[in-house]
Amino acid sequence: MSTPNRPYQQSPATRDALWVRWLLIFVAMMLVVPLVSVFYEALKDGWQAYQSAITEPDSLSAIRLTLLTTAIILPINTIIGVALAYLITRHKFRGKFIITTLLDLPFAVSPVVAGLMFVLLFGANTVLGGFFESIGIQIIFATTGIVLATLFVTFPFIARELIPLMQAQGDSEEEAALTLGANGWQMFWKVTLPNIKWALLYGIILTNARAMGEFGAVSVVSGHIRGETNTMPLMIEIAYNEYAFTLAFALSSLLALLALLTLLVQRLMNHQQKH
């Protein structure tokens, strides 16, 4: 008995059930409504109040520190991520399993625990902390500690984006470039980097988003010194606990805008990659 031709999407076996559609609508609302609420709370007292909250000294200091931390760790993470991915996918050596396992450590360890690890390593009463303070470098309760803590929790993102792609691509093109007389740097710039550029950019975007929103590890090592070691997430918590809701939601809206911008860039990259 022949069956009539029917588009795949219209087949009863593949058609979405009504409850699935309602579930998707519910999930979408759970994501959109809180985001809209943040912007509403930030702007409900008017643009002047919003602007005053954003431009007060503590807010500007938190914004500057967040952007500074992100600007420092992005190039470092990019270099480390590419180097680790290349090392793991292109070289055979003893201990590769250990390095691959350690690469997942920031995902497995709570950010608060990560912050405590840095306090135990570089606190004022430790050997390393005392040494660095003796040469005029303060790590804990300073920008240096915030950068180190953020670097720790973000460094796997780029490597984890690159490793599966580089393993799938193999090294045949790179071997061909070396056979044709290219040196190591020429092979990297002409062959390796063009092949991994989209995954690398995506990893950078993820790293940027995590760095700006990191709370746990930074909270432990920062000391919450107003005007000095408060990043935007820390300042949001302080403002909210002090019932300065306009300030808290104004800074939250800035982080939300940065997150939306990150998603927009990601979508543009995906569109560009397909074409």
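Visitor: Is aspartate 104 buried, partly exposed or exposed?
Guide: Aspartate 104 is partly exposed, because its relative accessible area is 30% (buried is under 20%, exposed over 50%, partly exposed in between, with a 1.4 Å probe and protein chains only). This is a predicted model: local features need pLDDT of at least 70, side-chain atom pairs 80 or more, while totals for chains, interfaces and linings use all residues. Numbering starts from 1 along each chain as its sequence is written, and side-chain values use heavy atoms, without hydrogens and water.

Visitor: Which residue does aspartate 104 form a salt bridge with?
Guide: Arginine 160, with the closest N and O atoms 2.9 Å apart. (A salt bridge puts a Lys or Arg side-chain nitrogen within 4 Å of an Asp or Glu carboxyl oxygen.) Arginine 160 is partly exposed at 25%.

Visitor: How many salt bridges does the structure hold?
Guide: Six. One of them joins glutamate 174 to arginine 90, at 2.6 Å from N to O.

Visitor: Is glutamate 174 buried or exposed?
Guide: Buried, because its relative accessibility is 6%. Arginine 90 counts as buried too, at 15%.

Visitor: And which residues are linked in a network?
Guide: Salt bridges link Asp58, Arg226 and Glu242. Between glutamate 242 and arginine 226, N to O is 2.5 Å. Glutamate 242 is partly exposed at 48%. So is arginine 226, at 35%.

Visitor: New topic. What does isoleucine 146 touch?
Guide: Leaving out residues up to four places away in sequence, its contacts include Leu65, Val218 and Thr231 (heavy atoms within 4.5 Å). Isoleucine 146 counts as buried because its relative accessibility is 0%.

Visitor: How many residues separate isoleucine 146 from threonine 231 along the chain?
Guide: They are 85 residues apart, yet 8.9 Å separates their C-alpha atoms.
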